[in-house]
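Reader: I would like to learn how to read a structure step by step. Could you take me through it slowly?

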Amino acid sequence: MRALRAVTARRRARSHGRAHAGATPGDVLFQSLSAAAAFGLLLLLALVTLILLLGAGPSIQTFGFSFFTGAVWNPPAHPPEVYGAVPFVYGTLVTAGLALLLGVPVSLGIAIFLSELAPPWLRVPLTYVIELLAAIPSVVFGLWGVFVLAPVMRDSVEPAVQSVFGFLPIFSGTPVGTDVFTAGVILAIMIIPTISAISREAFLAVPQTQREAALAIGATHWETTRMAVLTYARSGILGAVILGLGRAVSETMAVTMLIGNRNAIFGSLFDQGQTIASWIANNFTEAGPLETSALIELGLVLMLVAVLVTVVARLFLTRVLRVLEVTE
Amino acid sequence: MNVKMQTQHLSAWYGSKKAIEDVTMDIEEHAVTAIIGPSGCGKSTLIRCLDRMHEILPKTRVEGKVLLDGEDIYEQPAVAVRRKVGMVFQKPNPFPTMTIYDNVAAGLKLGGIRDPDELDGRVIRSLKQAVLWDEVQDGTGKSGMSLSGGQQQRLCIARALAVEPEVLLMDEPCSALDPIATAKIEDLIFDLKKDYTVVIVTHNMQQAARVADWTAFMYLGKLIEFGRTRELFEHPREELTEKYITGRFG
């Protein structure tokens, strides 16, 4: 027994040492190439940030903090030239919030079905379908939105919502189909795959003993899901929602095609509006030098928000994994 | 013998694998019945059939009858059965996001009890019955996970007792605990039989000898011998039983 252990120890030492000491020229080349690729990525991120900062420089110098309080976007054709980000930040927050409001309950329903309710033979194919939905290009969602969703929203959904909730100012005005509400709906559809796939993972990570604990005190299937599964997986759900938020905030193409593109702070969801991403996409081709700089500053803001959201989501998701290790 | 539960020709499957075969035995009221046997003999499956916990896994199947007070539990709603037949599991499994108090109150709230005074009273009584009250009375608002392993298991016993079951099933409740915590649970089991009918699965024969009035010995899914604990250990009728309790296999 001891001899065997000595042999494996020696073998382990040898194979361990190979990476460092007795490396062949091929190994060295391979290692440096892959290291270069990895560090190149870091460099790229740093460069992108730097370029954005440099590009935004003139705008930052000219407008300073008033860029974040101004609601006017005046290109040189209508002097004085002044740029403010408020309507776009507002539009981004409202559409993303609406997407979460509509998308999260549906996603959780899907995830619960996939992990708790669906018969085993249905789980795998359905999971693939959900993942497939995430692979549909954004512009295709946009096309579908323009030709299918927007008319339906205009003719059926929005009038129906209005007939019930029309007394609320956020549902006032004439439904046009290509508006903030439709943009929120398309975003909700687009974030459903992300949120439901990750929530499903979080539910599957809930130990079976937790479900048994709830069943043993007389909980029904739904009560077990609520008590043992949803509560146990709550930080995982939060991580999934924040990742979805990240996608909703930075999504460009489909929103640009559906939101109606109007630079204003809208009061009703049936108004047309703008997000940071859609405004950049719509304006960079014809922008003058200072306007370009202002657009780049918008881009910088969007990137910072998206990075922040992703980091926070990761924090939540790793905490889930750590909690699991402790209780397992 | 005053029979509380009874299995009649009970068989259970996982997929095509038969885990227990044709088990017929009586469970005496206000007594402790132990089920012993080597790993894989079906003792956990048997106890999980007694509160319809076997069927929650996919592709499982049960045949035969399990009577509780003379009525087949497989003809009653599973949720109702599990409120009359509580269960404590191998590894302590408190709800990690809940406080000690909420863990014990969880089953009561499911049963529709909302009155804070009644909840308080029953939570405290259950914690006392599980001999945990003295250790947690200053901090029932703390997380259940802040307790030691043995305390967590007694918390799970309190949670099971709170819904006032008639029978308490324990599936190797001490296998994850140290000897001191085990001794506490064993004392507790001895006290519990005044108010409850207890069935305990254990791989520890000494434990069965210490706590049980009746012992069932299972091997390869079959009930080999069932009798008074003392008789079974001192004068086993079956050769297999004798071999097992004298440590010659298992």
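Author: Let us begin with one pair of strands: strand β3 (residues 32–36) of chain B and strand β8 (residues 197–201) of chain B pair in the parallel sense over 4 bridges, and B:T33 stands opposite B:V199 in β8(B). Two strands are said to pair if DSSP finds at least two bridges between them, while helices (H or I, at least four residues) and strands (E, at least two) are themselves DSSP runs, numbered from the N terminus. Before we go on, note that this is a predicted model, in which local features need pLDDT of at least 70 and side-chain atom pairs count only at pLDDT 80 or more, whereas totals for chains, interfaces and linings use all residues. Residues are numbered from 1 along each chain as its sequence is written, and chains are lettered from A and ligands numbered from 1 in the order in which they are written.

Reader: In what order do the strands of the open sheet of 6 strands in chain B lie?

Author: The order is β6-β7-β8-β3-β9-β10 (chain B), and the pairing is mixed. At the edges are β6 and β10 (222–228) of chain B, each of which pairs on one side only. Neighbouring strands of this sheet are turned by 15 degrees against each other on average, direction ignored.

Reader: Which strands form the edges of the open sheet of 4 strands in chain B?

Author: That sheet has the order β2-β1-β4-β5 (chain B) with antiparallel pairing, and its edge strands are β2 (17–28) and β5 (71–72) of chain B. Strand β1 (residues 3–14) of chain B runs antiparallel to β2(B), and 8 bridges join them; here B:W13 stands opposite B:K18 in β2(B). The hairpin of β1(B) and β2(B) has 2 residues between the strands, and in this hairpin B:G15 takes a positive phi near 60 degrees. Strand β4 (residues 60–68) of chain B pairs with β5(B) in the antiparallel sense over 2 bridges, and the bridge partner of B:L68 in β5(B) is B:E71.

Reader: At what angle do α4 and α6 of chain B pack?

Author: Helix α4 (residues 116–129) of chain B and α6(B) pack at an angle of about 130 degrees, with their axes 8 Å apart. That makes α4(B) oblique to α6(B), since angles under 35 degrees count as roughly parallel, over 145 as roughly antiparallel, 65 to 115 as roughly perpendicular and the rest as oblique. The crossing of α4(B) and α6(B) is right-handed; a crossing is left-handed if the near helix is turned anticlockwise from the far one by less than a right angle, and right-handed if clockwise.

Reader: Which residues make the contact of α4(B) with α6(B)?

Author: Two residues are in contact if their C-beta atoms, placed from the backbone, lie within 7 Å. On α4(B) these are B:R122, B:V123, B:S126, B:L127 and B:Q129, and on α6(B) they are B:A158, B:L161 and B:A162.

Reader: How spread out is each chain?

Author: The radius of gyration is taken over C-alpha atoms, and the globule rule is 2.2 Å times the number of residues to the power 0.38. Chain B, with 10 helices and 10 strands, has a radius of gyration of 18 Å, close to the 18 Å that the rule gives for 250 residues, so it is as compact as a globular protein of that length. Chain A, in turn, has 12 helices and 2 strands. The radius of gyration of chain A is 26 Å, well over the 20 Å that the rule gives for 328 residues, so chain A is more spread out than a compact globule. Along its principal axes the C-alpha trace of chain A spans about 85 × 60 × 35 Å.

Reader: How many residues of chain B are in contact with chain A?

Author: There are 22 residues of chain B in contact with 18 residues of chain A. The elements of chain B that give two or more residues to this side are α2 (78–84), β6 (85–88), α3 (100–110) and α6 (149–162).

Terms used. Axes fitted to C-alpha atoms, helices over the stretch in contact; angles between N-to-C directions.
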